[in-house]
Amino acid sequence: MTARTPKPQVDTSKPHPARVYDYLLGGKDNYVVDQEVGKQLPEASRRDSRLNREFMHRAVAWVAREGIDQFLDIGTGIPTEPNLHQIVQGIAPMSRVVYTDNDPIVLRHAEALLISTAEGVTDYIEADVRRPGEILDHARGILDFSRPVALSLIALMHFIADEDDPYGITRTLVDALPSGSVLVFSQGTADFQPQSLVGRVTHTYGKGGIALRLRTHAEVLRFFDGLDLVEPGLVTAPHWYRDTPAPADEQSSFYVGVARVR
């Protein structure tokens, strides 16, 4: 793989969503500040992280089997095997994957772990989704935007506050995609949780300096405006599957969906 961004220092004094997520998934690439946030979250957060990750595995595998071999994954997180490129390149070895995250520790691990097949490509840029133009400029050097691209925004937009215009960011990214592309998306919700638990989760992240904006079904559906949702539509994580057996029917606090670009 290649990485063109200089290596900034990792700030270990503040928690980061990617490292908290790594902790919740049972990973080791996190710090005490991240663990402190994770330990204060309800046990259901571990389950939700796992279910969200399993949705990603199913969705990108289905997309690859549908013939798309280019992927732009924003909010990559710390590599946890199997990674997106391992899944899609296992189906289509020539697949090209561009990863993006804004935590320097992800860059460090990406260089060591995001190793492509000989036929394909993996690339990484350290960038913030709030600067979508920068991400697209880099991705165009790796991906062919005259052919379909899968855009992956997994467990990312609930960390983007309303004042940062998450819908506008998503629209900028989607508008750059050619017809036949897809959006793979997940977002945390409070629709199925008591307000006391929601307040605890939001407060825990907030104490660590991490904004958390959980959204309703209607609010999440707005991210798909102008797109054609693939069946089964916008559902909770365990209820999205296409060409695999149905997952176990567990409670999830993530809405997920895949949609085609017209």
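Let me begin with a term: a salt bridge here is a side-chain nitrogen of Lys or Arg within 4 Å of a carboxyl oxygen of Asp or Glu, and by this rule the count comes to 18 salt bridges. Before the examples, please keep in mind that this is a predicted model, in which local features need pLDDT of at least 70 and side-chain atom pairs count only at pLDDT 80 or more, while totals for chains, interfaces and linings use all residues. Residues are numbered from 1 along each chain as its sequence is written, and side-chain values use heavy atoms, with hydrogens and water left out.

As for confidence, pLDDT is the predictor's own confidence in each residue, on a scale from 0 to 100; the protein chain has a mean of 91, and 94% of its residues reach 70 or more. The exception I would flag is residues 1-6, over which pLDDT stays under 50, although the model has 21 contacts beyond four places in sequence for them, a contact being heavy atoms within 4.5 Å.

Back to the salt bridges, then. Side chains of opposite charge can pair when their charged atoms come close. Asp 137 and Arg 140 meet through their side chains in a salt bridge of 3.5 Å, N to O. I describe exposure by relative accessible area, computed with a 1.4 Å probe on protein chains only, where buried means under 20%, exposed over 50%, and partly exposed in between. Asp 137 therefore counts as exposed, at 56%, whereas Arg 140, at 44%, is partly exposed. Another salt bridge joins the side chains of Asp 144 and Arg 147 at 3.7 Å, N to O; Asp 144 is partly exposed at 33%, and Arg 147 is partly exposed with a value of 33%.

For Arg 213 and Glu 219, the closest N and O atoms of the salt bridge are 2.8 Å apart. Arg 213 has a relative accessible area of 24%, so it is partly exposed, and Glu 219, at 23%, is partly exposed as well. Salt bridges that share partners join Asp 162, Arg 213, Arg 215 and Glu 219 into one network.

Next, the loop between α1 (17-24) and α2 (32-40), where Asn 30 lies; helices and strands are DSSP runs numbered from the N terminus, with helices being H or I of at least four residues and strands being E of at least two. Is Asn 30 buried or exposed? Asn 30 is buried, because its relative accessible area is 10%. Its side chain makes a polar contact with the side chain of Gln 35 at 2.9 Å, a polar contact being a pair of N or O atoms within 3.5 Å, where within protein one must be able to donate a hydrogen and the other to accept it, and where residues adjacent in sequence count only if both atoms are side-chain atoms. A polar atom of the Asn 30 side chain also lies 3.1 Å from the backbone oxygen of Gly 27. Not counting residues up to four places away in sequence, Asn 30 touches Arg 19, Asp 22, Tyr 23 and Gln 35.

Leu 25 has its place in the loop between α1 and α2 too, but Leu 25 is partly exposed, at 27%. Leaving aside neighbours within four places in sequence, Leu 25 is in contact with Ser 49, Arg 50, Arg 53 and Thr 80.

Finally, the strands. In β6 (residues 182-188), 7 of the 7 residues are buried, with Val 182, Val 184, Ser 186 and Gly 188 on one side and Leu 183, Phe 185 and Gln 187 on the other. Strand β5 (residues 150-153) pairs with β6 in the parallel sense over 4 bridges, pairing requiring that DSSP finds at least two bridges between two strands, and Leu 153 has Phe 185 as its bridge partner in β6. Strand β9 (residues 254-260) pairs with β6 in the antiparallel sense over 7 bridges, and Ser 186 has Val 256 as its bridge partner in β9. Because 6 of the 7 residues of β9 are buried, β9 is largely enclosed by the rest of the structure. Strand β8 (residues 235-236) also pairs with β9, in the antiparallel sense and over 2 bridges, with Val 235 standing opposite Val 256.
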